Amino acid sequence: MADQTLDAKGLNCPLPILKAKKALKGMQAGQVLEVLSTDPGSVADFAAFCNQTGNELLKSETAGDVYTFEIKKT
Amino acid sequence: MLDSADNTKKMSIIITKGTLDWAYPPFILGTTAAAMDVEVTMFFTFYGLQLLKKDLDLKISTLGNPAMEMPMMGMHMKMPNIVSTIPGVDRMATTMMKNLIKKKGVASIPDLREAAIESDIKMVACQMTLDLFEMDQKDLIDGITLGGAATYMEGALESDINLFI
């Protein structure tokens with residue numbers, strides 16, 4: 001279960017990443033941020049973002065037009 | 001955010017263009033890099049300095065841009081150069097672009113610039129350009145530093161990525 005949810009639906013690159021970063025900043029290590037997005041580019045972008053920042057991408061799922069990510073802050 | 005114990009990645013961007021469309025690449029890449037823990041320096045020179053003005057009034061021009069197609073009335077429209085010279089056409093194209101930006105959920109340039117400031121991106125205004133174009137630092141946003149080519153080089157030499165836009 002996520003500790004916080006960020007609804008980034010309807011937002012385009014790079015806003016989902018910028019908003020996720022901002023949300024993660026306010027969270028504790030070990031907490032999980034759920035991000036909802038409709039930007040198809042965000043699938044590759046969140047993988048790259050987590051890879052680079054060391055945060056853990058627990059989930060990357062597609063349901064219809066909505067992409068769901070779960071990021072564990074490290 | 002900036003550890004001086006240094007495996008921090010660094011990026012520098014030289015920004016030379018001051019139109020609405022060309023404002024996007026540097027601000028998108030700069031803010032995204034900062035979100036990915038990269039230490040970013042943005043060096044604004046020549047027309048790029050327009051992007052640092054307190055009052056942003058950015059426009060696009062269709063002139064000399066044969067690749068620009070804008071959706072309009074269900075089709076994609078290209079502008080012949082002769083049309084671009086008619087007064088008001090650039091204003092109209094700018095309004096169309098701003099409407100599209102909103103409609104497609106793309107960040108505005110003021111928002112991206114705000115994000116850049118919030119994420120501690122170092123912004124440097126070219127002193128020589130200020131002199132050349134008789135611009136006043138009072139007209140630029142707060143928190144920027146002034147510098148020249150040597151200032152840029154010092155940062156660029158220790159950067160992992162250097163872009164010229």
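User: What am I looking at, and how is it numbered?
Analyst: This is a predicted model, where local features need pLDDT of at least 70, side-chain atom pairs count only at pLDDT 80 or more, and totals for chains, interfaces and linings use all residues. Residues are numbered from 1 along each chain as its sequence is written, while chains are lettered from A and ligands numbered from 1 in the order in which they are written.

User: How many helices and strands are in chain A?
Analyst: Chain A has two helices and four strands. Helices (H or I, at least four residues) and strands (E, at least two) are DSSP runs, numbered from the N terminus.

User: In what order do they run?
Analyst: From the N terminus, the order in chain A is β-α-β-α-β-β.

User: What does chain A span along its principal axes?
Analyst: The C-alpha trace of chain A spans about 30 × 25 × 15 Å.

User: How much of chain A is buried?
Analyst: Of its 74 residues, 32% are buried. Buried means that 20 or more other C-beta atoms, placed from the backbone, lie within 10 Å of the residue's own.

User: Which residues of α1(A) are buried?
Analyst: They are A:Leu15, A:Pro16, A:Ile17, A:Leu18, A:Ala20, A:Lys21 and A:Leu24.

User: And what do those pack against?
Analyst: In chain A, the buried residues of α1(A) pack against β1 (4-8), β2 (32-37), α2 and β4 (66-72). In chain B, they pack against α1 and α4 (109-118).

User: Switching to the contact between the chains. How many residues does each one bring?
Analyst: Eleven residues come from chain A and eleven residues from chain B. Two residues are in contact if their C-beta atoms, placed from the backbone, lie within 7 Å.

User: Which element gives the most on the chain A side?
Analyst: α1(A) does, with four residues.

User: Now B:Thr31. Where is it?
Analyst: B:Thr31 sits in helix α1 of chain B, residues 24-35.

User: Why does B:Thr31 count as buried?
Analyst: Because 28 other C-beta atoms lie within 10 Å of B:Thr31.

User: What is B:Thr31 in contact with?
Analyst: Leaving aside neighbours within four places in sequence, B:Thr31 is in contact with A:Pro14 and A:Leu18 from chain A, and with B:Leu112, B:Ala115, B:Ala116 and B:Ser119 from chain B.

User: How far is B:Ala115 from B:Thr31?
Analyst: B:Thr31 and B:Ala115 are 84 residues apart in sequence. In space they are 6.5 Å apart, C-alpha to C-alpha.

Conventions. A residue is buried if 20 or more other C-beta atoms lie within 10 Å of its own, exposed if 12 or fewer, and partly exposed in between; C-beta atoms are placed from the backbone.
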